[in-house]
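Keep the sequence and the 3D view side by side as you read.

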Amino acid sequence: MAGRALLLAGAPGTGKTALALGISQELGPKVPFCPMVGSEVFSSEVKKTAVLMEHFRRAIGLRIRESKEVYEGEVIELSVEETEDPLGGYGRTISHVVVGLKTSKGTKQLRLDPSIHEALSKENVSVGDVIYIEANSGAVKRVGRSDSFATEFDLEAEEYVPIPKGDVHKRKEVVQDVTLHDLDVANARPQGGKDVMSLMSAMGKSKKTEITDKLRTEINRVVNRYIDQGVAELVPGVLFIDEVHMLDIECFTYLNRSLESSLSPIVVFATNRGVCKIRGTDILAPHGIPVDLLDRMLIVRTMPYNVEEVMQIISIRASVEGIEVEPDALSNLGEIGLRTSLRYAVQMLTPSRILAETTGRTTVSPEDISEVDKLFFDGKASARMLAKSTGYMK
């Protein structure tokens, strides 16, 4: 499905954005979902095509499976061996750290480099904690307190974990989910020195910098190699572009090329326009989108809601906001939503609740709905009034 495009076309208030949010909830947290609005591409700092490509790469995930060699267990011994400072003086320096780890299968004593002592101190590791140490990088992670100490205190803000099974020294598979944009940013960050001049120059630079095509090509090459080796798995996500008619001809041309790329997400467009000009040209086109791009899309038409659907949506919204509405008042709101718009009917809930509370009631009645409807105008009523008057609402 990667590289496919879908267009949600319909009048305002027919649930296009709600459909996209529903898709994101259905996909779950493991699949990237990147929403954007057409007007986001217009920036004085970054090119339009760069903004589009950034969102494209945010919507492409990479699941990396890495097999790490680790030492894992409960700390039964933690001692620091010190020696005389080789530079002279009265101070002493750490020569090595001795850590004893215990699992359900056995124990092992490790003699570690002094640099790992800093990592142990940062994690606040003490005897009785369950930790794991990565053999390659020396990274230390405190998992929690061993559950054998669970009865030590009656009340303690500590997470107790069971003693690890198997040997102390083992290979562990770590699964990490990242997006291609995360890799771009990590590799584009300048690796300056730690001196004052480097820090000052980094602070003076713009926060949003453009990532070059050369860097993206290099990352794509590495990613493809990982996929071929079976180390990583590509997870094509969903890019949702709302108000797609706001994009101009340059963006549409770029989208054509991007959808043909081997690394491309599923793109969902949404628009409420009919036949209108393509931005940046004088050409009229359906939905303000070039015909060659429309050919790539499956077009879904979103229809207005009927009375029952409007009532159901308003009922769900009222329960979320904790507003009690009488059945007759709900049917009144449904008729108003059909006459005006669903958004206007939903906006009436809060003023109706306030009106009911001023009269000492907790439930919204049909009279509250009628009074609020007289107090406020919807967009269509305001437009009719302006059309009939010579001045502004005279």
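Which residues of H2 are buried? They are Ala50, Val51, Leu52, Met53, Glu54, His55, Phe56 and Arg57, where buried means under 20% relative accessible area, exposed means over 50%, and partly exposed lies in between (1.4 Å probe, protein chains only). Eight of the 11 residues of H2 are buried, so this helix is largely enclosed by the rest of the structure.

A word on the model comes next. This is a predicted model, in which local features need pLDDT of at least 70 and side-chain atom pairs count only at pLDDT 80 or more, while totals for chains, interfaces and linings use all residues. Residues are numbered from 1 along each chain as its sequence is written, and side-chain values use heavy atoms, with hydrogens and water left out.

**The overall picture**

The protein has 14 helices and 17 strands; helices (H or I, at least four residues) and strands (E, at least two) are DSSP runs, numbered from the N terminus. Of its 394 residues, 37% count as buried. A contact means heavy atoms within 4.5 Å. Among contacts with a separation of 6 or more, 68% join residues 24 or more positions apart.

**The nonpolar cores**

A nonpolar core is a set of buried Ala, Val, Leu, Ile, Met, Phe, Trp, Tyr and Cys residues joined through side-chain atoms within 4.5 Å. The largest one has 30 residues, and Ile241, Leu255 and Phe269 touch the most other members. Elements that each supply at least two residues of this core include strand S1 (5-10), helix H2 (48-58), helix H7 (249-259) and strand S12 (266-271). A second, separate core of 18 residues includes Ala329, Leu330, Ile336 and Val346.

Take Phe269 as an example: leaving out residues up to four places away in sequence, Phe269 touches Ala5, Leu6, Leu7, Leu8, Ile241, Val244, Leu255 and Met297.

**Two helices side by side**

Two packed helices are described by the angle between their axes and the distance between the axes. H2 and H7 pack at an angle of about 40°, with their axes 10 Å apart. Axes are lines fitted to C-alpha atoms, for helices over the stretch in contact, and angles run from 0 to 180 degrees between N-to-C directions. On the H2 side the contact is made by Lys48, Thr49, Leu52, Met53 and Phe56, and on the H7 side by Glu250, Cys251, Tyr254, Leu255, Arg257 and Ser258.

Thr14 sits in the loop between S1 and helix H1 (16-27) and is buried, with a relative accessible area of 7%. Gln109 lies in strand S5 (residues 107-112) and counts as exposed at 54% relative accessibility. A polar contact is a pair of N or O atoms within 3.5 Å; within protein, one must be able to donate a hydrogen and the other to accept it, and residues adjacent in sequence count only if both atoms are side-chain atoms.

| Side chain of | Partner | Distance |
|---|---|---|
| Thr14 | side chain of Thr302 | 2.8 Å |
| Gln109 | side chain of Glu77 | 2.8 Å |

How far apart are Gln109 and Glu77? They are 32 residues apart in sequence and 8.2 Å apart in space, C-alpha to C-alpha. Leaving aside neighbours within four places in sequence, Thr14 is in contact with Thr302, Met303, Pro304 and Tyr305.
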